[in-house]
Each structure stands twice: as structure tokens, then as C-alpha cells.
Amino acid sequence: MEPPEAEGGFPGSGNTIVIKPSIRKRAGMIYWNYLITIYLFSAGVSAGAMFISITAGFINPVKYERIVRTGAYIAPFPIMAGMAGLILDLERPWQFWRLMTTIELKSVMSLGAWIIALFTVVSIIYFILNLPKNYLRLKTRGNVIKAVMLLGLILSTGVALYTGILLSTLTARPFWNTPMIPMLLFISAILDGLAGISLALYLKPSGGGERAVLETEEEINNNKSFINTVDFALLFLLILSVVVFIIGLGGSTESAVSALGIIVGGKYTALFWFGFVALGVAIPFAATAYELFNQNHRAWLNAMSASFALIGGYVVRSVIVNAGQLTQAVLY
Amino acid sequence: MSAPPKWAMLIDTSKCVGCLACVSACQNQNELPVTEYFNRVEEQEFGRFPNFNRRFVPIQCQHCDNPPCVDVCPTGASYKRADGIVAVDTQRCIGCKYCILSCPYNARNISRENGYVHKCGFCLDLIEKHIQPACVATCPTGVRVFGDLNDPNSELSRLIAIKKPVHIGKDLNTKPSIYYIIG
């Protein structure tokens, strides 16, 4: 027999009930490791980049041409790396094809597998359609592009949303079993995609030739103000989601309150508050607000806030994946 | 012709002394390595000195009528049988571990040797031969009663009517087939 869990204290010392596993307790084991975190993160970046690219394209494809293009060039690649991680995490990776021969309508993972497969295909088509005209010999009609964009918008929303739903539908895991998890992960995914676009736009050395002619002062300002506006709005919603998530768990059942403890005083407190809330949300929010309200665009500020947002996006997924597995519903 | 069987179990925790014979019998019956087990016994201490106590609660697959593990399975490997048993088609299991995380009772194991998920199956091969499951047969204090819920004359059906047992994790809407007398 193993000694009791340290957190419960000495059994006779209070009214607390201590559950001691008489044999090794299976709760608190990590089944989904960093590969799943990498997958959730890269799927988020891809879906977000696609979502922002298409949205900008629907609003004004000429004015926001650089955002549309950059997003289209980013979208297919992170998710491919993520899918490799997802397959490697299977205990029988060579059996992954079984996901593609069944559709289980009640299984979020089955639906998700189909959504990411379709998303990847559409993102590759969208990538090709956005290649510079001299690379593209195809003559595409406007309607075809519109259809691909609409499909891409739906699928990128699906990818960004289903990863959260995958976790939130498990009643066994109180840290996940809240509707705020999909909202939080969706908003974070769009932000990560935006950060990816923003980084690619501003870290790109201003080259010569055709591009240099296109990069007028006005164009840069247009793209920056689009990115900053969307960034500001989404970061504000993300802050609200975090607040509502914490209030929601804190005001819920015994299981939920004890699960919340893992980020309020527990194992992931520092990682959540410093790695995600401070680094990934507060600093980018302050930087974006400064840029937006002072109309003072600085490339380094933008690059820093985008990098921090990406780090925060990874950290929050890591915390969520691990915290959900280490906490569980109280049974009796 | 009587109704087909619906297998279920009653566990009376007031009789359990925590000897873990059921755990060993199960591992033996299912040929499991020592690191894998389909059932376990949780020890619970409660109260304040000098009024305190403890109990042992055996936990295993609850063979839920609304099993989350079956719903989440992306390949249809997890399924619910007509006789109430929740089973895994190990051929179709790809080892994604989603079902393990979906189970509130932590009843599922990954087989490190084979790469699939496996779990308590109510010792189906034994009950087909009209032999009690290994954990039931081996229990020295008669904690476990196994039987057919659809047979009104079974000892299980009578005890459930008399003792008014409860389900654990009831509010999770799993509708388990394991009944508990928490004593």
C-alpha cells in the first residue's frame, strides 16, 4: 500500500475526507502528452491563419492583400506537423487509417479527424489559389475562389472549435467539462493564427523587385491597423473567457472547485498566470492597445507581442491538456 | 422463455476489508502484467479524532448503460453489448486513449504490450460457463454479488430491491450497472 496523498493532510486532523488508493491510483496519470499539446497548438495556428486570411479577403482582397496571402501561405503547414504528432501519439500509429474508414457521429474525435483532413485539403487548394499570378497557370473563376473561401471559413471555424469540444464533452474531467474551454481555445486559435501572420509580415525582410513597389506606407498602415484592431478585440474576449472560465469552475461542483485548484495554488499556477495570462495575454494586449490608440507602429513591438501571443497559446494548451488529466470528478 | 440476461453487480463496501484478493484474481484471470489492473480498491478515511473511520471501495468498469467511452470512440472499437457488458474490439482499437480519459471511474487500461485498450469484461468466458466472475468467486467476505438484472428471482435483483443501493458518480449521467452499498 502506498502512503496517502499529501494534499489531504493527516486524516484525523479535520473534517476532510481522504481517499487513499490501496493500490496505485490510476487517476493523475498523463495519457496525452506534449504531442497532443503540439497538435492543438499547430491546428490552432493553421485554423487561425486561414480564418483571418479568408475574413480579410472577404472584407477587402485588394486592401488586405498581404494578410490574405501570408495567411494562405501559413495555413497548410502547421496542421500537417500537428497531424504527424497526433498519429505518433497513438499506441498503434500504423492503424491510424481506421479513423478515415469510419464516421462515428457521437465521437468528437472521429468528426474532428474528418474536419482536419478536409481542412488540410482545402487549405492546400487555397494556398495554390493565392500563389502569385506568374506561378499559377490555372485560370480560376471568381466563383470558384469564393466557394473555396467559404468552405475554408467553415472548416477553419470547425478546426478551431472542435479541439475544445473534444475536451469539454468529457464529464469525467471537470477542468475540461465547461463550455468556456471551446470558446477559450477558439479565440486563442484565431489569435495564434493572427500572430503567425503578423510575425511573417513584419519579420520578412523588405525585399526588392516587385514586392518593394507594393510596400507603400499606406499598405503597411492598412495591414497593421487591421491586425491591431482584430488583435485588440480578440484579446479582450480572451481575457473575458479566462475570467468567466475561472468564475464558472469556482462556482460549480466540488469536483470543479478542486480541479480549479490546479491553476489557483496548485501545480500549474505559475505556468498559467505567468506563462499564459501575463506573457501571452496581458503583454500583447498592452502592446496592441498602445499601437492602436497611439497610431504608433513599431515593428519590434509587433513582433514581440506576436511571439509572446504564440508562446502563450502553446502554454495555455499545455496547461489545459495536463490539468484536465490530473483532475477528475468526485465519485462518492 | 425469459428475457435475455442483463448482467450487473452489487458491491457492499461495508463488508470489504481491503485484502485485494479480487485485484489479484482479476489480473490472474485476464493474464495481466502487475502494472495493469481492471479493478482496484480505494481506501477512504473520514471523520475527526476520536470519531473517525475508514472504508474500502472496490472500483472497476461500471458497464454503464450510457457509457461515455463508447460514445467517444472514433473507430467504433468500444461497444455496448445487449447483455449490458461494455467491451472493446481490440482489432479496431488504434490506441488514441480518448476513452481512458472519458471514463469517470478510471476503469480502462492501455495494454503496453499490445497497444490497445482493454478493460473488465465481467469475465464473459466464465459467465458463459455459468461460473461467477473471478473477483466475485474469490472474495472472502462476500462483498460482491453478480447476477442477471432481468431475472426477478436472482439474488442480485432481490438484494437491489431490499438494500436500495446507489450508483457512484451518479450525476455524471453514466447509468452504471454496478450498484453500491456505501457502508
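Visitor: Which residues of helix α4(A) are buried?
Guide: The model is predicted, and a residue counts as buried if 20 or more other C-beta atoms lie within 10 Å of its own. By that criterion, the buried residues of α4(A) are V108(A), S110(A), G112(A), A113(A), I115(A), I116(A), F119(A), T120(A), V122(A), S123(A) and Y126(A).

Visitor: Against which elements do the buried residues of α4(A) pack?
Guide: Helix α4 of chain A covers residues 108–129. Its buried residues pack against α2 of chain B together with, in chain A, α1, α2 (65–74), α3 and α5.

Visitor: How far apart are the end C-alpha atoms of α4(A)?
Guide: Helix α4(A) has 22 residues, and at 1.5 Å a residue it should span 32 Å.

Visitor: Is I115(A) buried or exposed?
Guide: I115(A) lies in helix α4 of chain A. It has 22 C-beta neighbours inside 10 Å, and the threshold is 20 or more. I115(A) therefore counts as buried.

Visitor: What distance separates the C-alpha atoms of I115(A) and L155(A)?
Guide: Leaving aside neighbours within four places in sequence, I115(A) is in contact with L155(A), G158(A), V159(A) and Y162(A). L155(A) is 40 residues from I115(A) along the chain.

Visitor: What is the relative direction of α3(A) and α4(A)?
Guide: Helix α3 (residues 76–89) of chain A packs with α4(A) at an angle of about 150 degrees, their axes being 9 Å apart. Angles over 145 degrees fall in one class, so α3(A) and α4(A) are roughly antiparallel.

Visitor: How many nonpolar, polar and charged residues form the contact of α3(A) with α4(A)?
Guide: The crossing of these two helices, α3(A) and α4(A), is left-handed. P76(A), I79(A), M80(A) and M83(A) of α3(A) meet I116(A), F119(A), T120(A), S123(A), I124(A) and F127(A) of α4(A). By class, the contact of α3(A) with α4(A) comprises eight nonpolar, two polar and no charged residues.

Visitor: How many residues of each class form the contact of α1(A) with α5(A)?
Guide: Helix α1 (residues 34–59) and helix α5 (residues 142–168), both of chain A, pack at an angle of about 145 degrees with their axes 8 Å apart, and their crossing is left-handed. The contributors include G44(A), A47(A) and F51(A) from α1(A), and G152(A), S156(A) and A160(A) from α5(A). The classes in the contact of α1(A) with α5(A) are 11 nonpolar, eight polar and no charged.

Visitor: What percentage of chain A is buried?
Guide: Chain A contains 11 helices and one strand, and the strand comes at the N-terminal start of the order of elements. The chain has 332 residues, of which the buried share is 44%.

Visitor: Is P132(A) buried or exposed?
Guide: P132(A) is found in the loop between α4 and α5 of chain A. It has 9 other C-beta atoms within 10 Å, and the limit is 12 or fewer. P132(A) is therefore exposed.

Visitor: Which element gives the most to the side of chain B that touches chain A?
Guide: The contact between the chains takes 44 residues from chain B and 39 from chain A. On the chain B side, β2 (39–48), β3 (51–60), α2 (68–72) and α3 (98–102) each supply at least two residues. With eight residues, the element that gives the most is β2(B).

Visitor: Which residue of chain A is in contact with R92(B)?
Guide: R92(B) is placed in the loop between β5 (86–88) and α3 of chain B. With 17 C-beta neighbours inside 10 Å, R92(B) counts as partly exposed. Leaving aside its neighbours within four places in sequence, R92(B) is in contact with T75(B), G76(B) and A77(B), and also with R98(A).

Visitor: What is the omega of the cis peptide bond that joins F49(B) and P50(B)?
Guide: P50(B) is in the loop between β2 and β3 of chain B. The bond from F49(B) to P50(B) is cis, with an omega of about 5 degrees.

Visitor: What is the phi of H63(B)?
Guide: H63(B) is in the loop between β3 and α2 of chain B, and its 27 C-beta neighbours inside 10 Å make it buried. Although H63(B) is not a glycine, its phi is positive, at about 45 degrees.

Conventions. Residues are numbered from 1 along each chain as its sequence is written. Chains are lettered from A and ligands numbered from 1 in the order in which they are written. This is a predicted model: local features need pLDDT of at least 70, side-chain atom pairs count only at pLDDT 80 or more; totals for chains, interfaces and linings use all residues. Two residues are in contact if their C-beta atoms, placed from the backbone, lie within 7 Å. Helices (H or I, at least four residues) and strands (E, at least two) are DSSP runs, numbered from the N terminus. Axes are lines fitted to C-alpha atoms, for helices over the stretch in contact, and angles run from 0 to 180 degrees between N-to-C directions. A crossing is left-handed if the near helix is turned anticlockwise from the far one by less than a right angle, and right-handed if clockwise. Ala, Val, Leu, Ile, Met, Phe, Trp, Tyr, Cys and Pro count as nonpolar, Asp, Glu, Lys and Arg as charged, and the others, Gly among them, as polar. Angles under 35 degrees count as roughly parallel, over 145 as roughly antiparallel, 65 to 115 as roughly perpendicular and the rest as oblique. The expected span of a helix is 1.5 Å times one less than its number of residues.
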